[in-house]
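Please look through the sequence and the structure shown here, and then follow the report below on rings and charges.

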Amino acid sequence: MQGHPEDHELLRLFRLPDQKEKAFTSIIRKYQEKLYWHIRRLVIHHEDANDVLQNMFIKVWNGLENFREDARLYTWLYRIATNESLSYLEQLKKRAVTSIDAMPGGTSDSLAAEKGFDAGKLEWKLQMAIQQLPEKQRIVFNLRYYDEMPYEQMSQVLETSAGALKASYHHAVKKIEDYILNH
Amino acid sequence: MTKRDSNITRELKAISPAVANLDPTLPYTAPTGYFDCLPDQVLGRIREMENPQQEIMGLSPLLAGLKGQTTFELPEGYFTNVSDRVIRRAIETGNQKSSPATGKLVSMSTTRNWAKLAAAAVITAVIAGSAWYFTRSSNEGAGTTRELAAGSGTVEVKDTLSVSDEALLSFLDETEALPVDDMILEDDSFNEESLAILDLNENRIQEMLEEIPDSDLQEYVSGLPEEGVSGSMN
C-alpha cells in the first residue's frame with residue numbers, strides 16, 4: 001500500500017518493546033479501511049462492523065508475536081476479519097432465535113434498516129442481491145468484486161482451492177445478475 | 001473508488017455484462033473521522049486489558065477510587081509476628097499428636113450395644129403387658145361395681161349380666177328384713193315434721209277427711225275414672 005511501511009518492517013518494529021505500540025498503530029492505519037469495508041459488507045451496520053474490527057485488532061495484537069512471516073500479513077488479517085465476522089453473524093442468528101427484537105430476515109433486513117435505503121435504486125438492489133447469496137459465495141464475491149483479491153490470496157484467506165473459488169464467484173455473479181434483472 | 005483491475009473487469013464482463021456495468025460504489029458510508037480515531041481506540045482497549053487498574057478506571061472511576069480503601073481493621077503489628085505464631089502453633093500441634101489423646105473415647109464395643117438392646121426389649125415387653133392387662137380388666141368390669149347403700153351395710157351390685165341369681169335373692173331378702181322406717185331414719189334429710197306424715201292410721205285419716213267439705217270431695221270423686229273409685233266417703 002502506498003505511503004505505508006512494508007509489512008516485514010512493521011513486524012520487526014512490533015517485536016521491539018519500545019516500538020510495539022507505534023508499529024501496531026501503523027498496521028491499523030495501513031489496513032483499517034480495507035478490513036472495515038470487508039467486515040461492513042458482511043455485517044452491514046457500522047456499530048457491528050466497529051465491534052468486529054476492534055475485537056479483530058485485539059486478537060491481532062495478542063497473536064502477532066507468533067505470526068510466521070512465511071505467510072502474508074495481509075491475508076492473515078483478512079482471515080481473522082472474515083472469521084470474526086462469521087462468528088458475529090452466528091451470534092446474531094442465535095440471538096434471533098431467542099429474542100423478539102432481533103431481525104428475523106438477517107442481513108437483508110439489516111440492509112433495509114440502513115440510512116438512505118431505497119430498494120428502487122440500482123446500488124441498493126446490488127446490495128440486496130449480494131445478501132441473497134449463500135455465506136461462502138457472498139464472501140468470495142465481495143473479496144473479488146470489491147477488494148479485487150487474486151484467487152491465490154483468497155485461497156489462503158478461505159483455505160479453499162483457487163478453482164473452487166472461481167466456480168463460486170461465477171455462480172455468485174450469475175445469481176446477482178438474475179436477481180437484479182428480476183427485481 | 002480507484003481504477004479497477006482490468007483482469008477482474010474482463011472476467012466479470014465475461015460472466016455477466018450487466019453486473020460488470022454496475023457502479024461498485026457502496027451506498028453506505030462510515031462516520032466522519034472514524035478511521036482517524038480507530039487506532040487510539042484499539043490501543044486504549046489493549047492497554048486496559050493489560051492493566052487491570054486502567055481497565056477499572058475506564059469502566060468506573062468510582063470503583064477504581066474505592067479499591068485501595070480497607071474497611072476491615074487489623075490488630076497492630078499482626079503481620080510482623082504472624083510467621084512466628086504459625087510456626088509455634090505448628091510445633092504445639094505436633095507435640096499434641098505425639099502425646100496420648102485426652103478427648104472422650106467413644107466405645108464401639110458390640111457387647112455393650114447388645115446389652116442396651118436387651119434392656120430396651122424388656123422395658124417394651126413390660127409396658128405392652130401392663131397395657132394389655134389394664135385393657136382386659138377394664139373390659140371385664142364394663143358394668144362396673146357399684147355400691148348400694150342398704151341399711152347398715154353395703155351390698156355390691158355388679159352388672160346384671162355378671163351378678164348371679166343367688167346374690168340378687170340374698171340382696172332382696174336383706175332389704176325386706178329391714179323396716180322401712182329404719183331405712184328412712186338412716187337418711188339425715190328427714191326431720192320430725194316430715195316424719196309425722198308417716199304416722200297415719202284410720203282414725204287420723206278419718207279426722208282429716210272430716211275437715212274437708214263434702215262439696216270438695218264430691219268434686220274430686222267426679223273427676224276420677226269409674227274403675228278407680230272404691231270405698232265410701234263419709
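Which residues do ring pairs link into a cluster? The cluster is made up of Tyr36(A), Trp37(A), Phe117(A), Trp124(A), Tyr28(B), Tyr34(B) and Phe35(B). This is a predicted model, in which local features need pLDDT of at least 70 and side-chain atom pairs count only at pLDDT 80 or more, while totals for chains, interfaces and linings use all residues. Residues are numbered from 1 along each chain as its sequence is written, chains are lettered from A in the order in which they are written, and side-chain values use heavy atoms, leaving out hydrogens and water.

Over all chains, the structure holds 17 aromatic pairs; here rings of Phe, Tyr and Trp (its six-membered ring) pair if their centres lie within 6.5 Å, and planes under 30 degrees apart count as stacked, over 60 as edge-to-face and the rest as tilted.

Tyr145(A) counts as buried because its relative accessibility is 1%, and Tyr146(A) is buried at 4%.

The charged end of Arg4(B) sits over the ring of Tyr145(A), 4.8 Å from its centre, where such a placement requires NZ of Lys or CZ of Arg within 6 Å of the ring centre and within 35 degrees of the ring normal. Lys20(A) lies over the face of Trp61(A), at 4.6 Å from the ring centre.

Key: Buried means under 20% relative accessible area, exposed over 50%, partly exposed in between (1.4 Å probe, protein chains only).
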